[in-house]
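Please open the model in your viewer and keep the sequence panel beside it. The stops below are arranged so that each selection leads to the next.

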Amino acid sequence: MNFNMNIPGLKDVTIHKVEEVGERIAIYVSLPKKVHQCPVCKKKTSKIHDYRIQKIKHLKWFERLTILFYKRRRYVCECGKRFSEKSPFVDKYQRFSKEWNQVAGIRSVKAKTFKETAEVLGASSSTVIRRFKKLVKEQLNEGVHLPKCIAIDEYKGDTDAGTYQLIIANAETHEPIDILPNRRKETIKEYLMKYGADVEVVVMDMNPSFKALLEKH
Ligand SMILES: [Zn+2]
């Protein structure tokens with residue numbers, strides 16, 4: 001039985017099946033067939049080439065984590081070009097829905113720790129940190145304002161093996177504020193010179209060489 005239902009972030013999708021898979025609810029979805037424009041020759045086509053299943057993590061539904069099995073359609077054009085259908089809820093090759101990414105970004109800022117957000121949203125901390133970084137990057141133009149009391153924590157970045165990055169957080173609320181690409185003295189010094197005019201207290205639990213540096217600051 002197919003049905004349509006307004007699940008947040010999943011408008012207009014057809015739901016083919018809903019079932020429990022371990023801790024998660026699996027929702028099998030597809031989009032209605034539609035005329036698409038060929039990205040190469042710009043002609044219109046609605047000829048189906050094949051389907052691919054895209055497995056996507058989505059937001060909670062009735063307090064349960066969900067996973068979408070999206071039967072993504074590929075069209076074929078007269079010119080021979082094969083291309084994936086447009087989807088309002090997930091980009092190509094992504095493992096998280098657009099809605100999920102949005103919520104992860106917002107929650108990563110509001111929640112006290114990345115770990116908490118990761119648990120609530122059913123992902124790893126490193127995924128949440130990546131969304132946070134993206135958000136920070138997007139908002140960088142607005143400028144960073146550091147409070148009087150900041151905390152600096154290090155975490156092992158997942159991009160280059162063995163490199164550490166620094167998380168700057170509000171020491172009172174524990175809200176993450178920024179991420180520095182490495183833990184080199186010059187990096188943090190420059191950062192504090194730029195944004196740290198109001199900083200009076202720095203809380204940290206790490207490399208003692210920083211402490212000396214910050215005392216001088
Ligand atoms: Zn074409």
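**Before selecting anything**

This is a predicted model, in which local features need pLDDT of at least 70 and side-chain atom pairs count only at pLDDT 80 or more, while totals for chains, interfaces and linings use all residues. Residues are numbered from 1 along each chain as its sequence is written, and side-chain values use heavy atoms, with hydrogens and water left out.

**The whole chain**

Display the chain as a cartoon. Its secondary structure comes to five helices and 12 strands; helices (H or I, at least four residues) and strands (E, at least two) are DSSP runs, numbered from the N terminus. Of the 217 residues, 41% count as buried. Here buried means under 20% relative accessible area, exposed means over 50%, and partly exposed lies in between (1.4 Å probe, protein chains only). Among contacts (heavy atoms within 4.5 Å) between residues at least 6 apart in sequence, 49% join residues at least 24 apart.

**The zinc site**

Select the zinc ion together with C38, C41, C77 and C79. The SG atoms of these cysteines are the protein donors, at 2.2 to 2.3 Å from the zinc ion. Donors are N, O and S atoms within 2.8 Å of the metal (3.2 Å for Na, K and Ca); water is not among the atoms, so sites may look incomplete. In sequence, the donor residues follow the spacing C-x2-C-x35-C-x1-C.

Which parts of the chain does the pair C38 and C79 tie together? C38 lies in the loop between β4 (36-37) and β5 (44-45), and C79 in the loop between β7 and β8 (82-84), so the pair ties together parts that are 41 residues apart in sequence.

Next, display the angles at the metal. The arrangement is tetrahedral because the four donor atoms subtend angles of 100 to 116° around the zinc ion. Four donors count as tetrahedral if all angles lie between 85 and 135 degrees. For four tetrahedral donors, the ideal angle at a metal is 109.5 degrees.

Colouring by accessibility separates some of these cysteines. C38 is buried, with a relative accessible area of 1%, whereas C41, at 31%, is partly exposed. C79 is also partly exposed, at 42%. A search for disulfides (pairs of cysteine sulfur atoms within 2.5 Å) gives a count of zero.

While at this site, select K42, which is placed in the loop between β4 and β5. K42 has a positive phi of about 70° although it is not a glycine.

**The largest nonpolar core**

Select V13, I27, V29, Y70 and F89 and show their side chains. These are the residues with the most contacts inside the largest nonpolar core, which has 14 residues. A nonpolar core is a set of buried Ala, Val, Leu, Ile, Met, Phe, Trp, Tyr and Cys residues joined through side-chain atoms within 4.5 Å. β3 (24-30), β6 (48-61) and β7 (64-76) each supply at least two residues of this core, and β3 gives the most, with three.

Centre the view on Y70. Leaving aside neighbours within four places in sequence, Y70 is in contact with residues including V29, L31, I53, I56, F89 and V90.

Select D178, found in strand β11 (residues 176-180). Is D178 buried or exposed? At 5% relative accessibility, D178 counts as buried.

Show the side chain of Y191 as well: a polar contact of 2.9 Å joins the side chains of D178 and Y191. A polar contact is a pair of N or O atoms within 3.5 Å; within protein, one must be able to donate a hydrogen and the other to accept it, and residues adjacent in sequence count only if both atoms are side-chain atoms. D178 also touches F132, V136 and V144, among others beyond four places in sequence.

**N170**

Move to N170 in strand β10 (residues 164-170). N170 is buried, with a relative accessible area of 16%. A polar atom of its side chain lies 2.8 Å from the backbone nitrogen of E172, and the N170 side chain also reaches the backbone nitrogen of T173 at 3.2 Å.

**Last stop**

Finish at Y93, in the loop between β8 and α1 (98-110). Y93 is exposed, at 71% relative accessibility, and its phi is near 65°, a positive value in a residue other than glycine.

Note on methods: Tetrahedral: all angles 85-135°; square planar, octahedral: opposite > 155°, others 65-115°.
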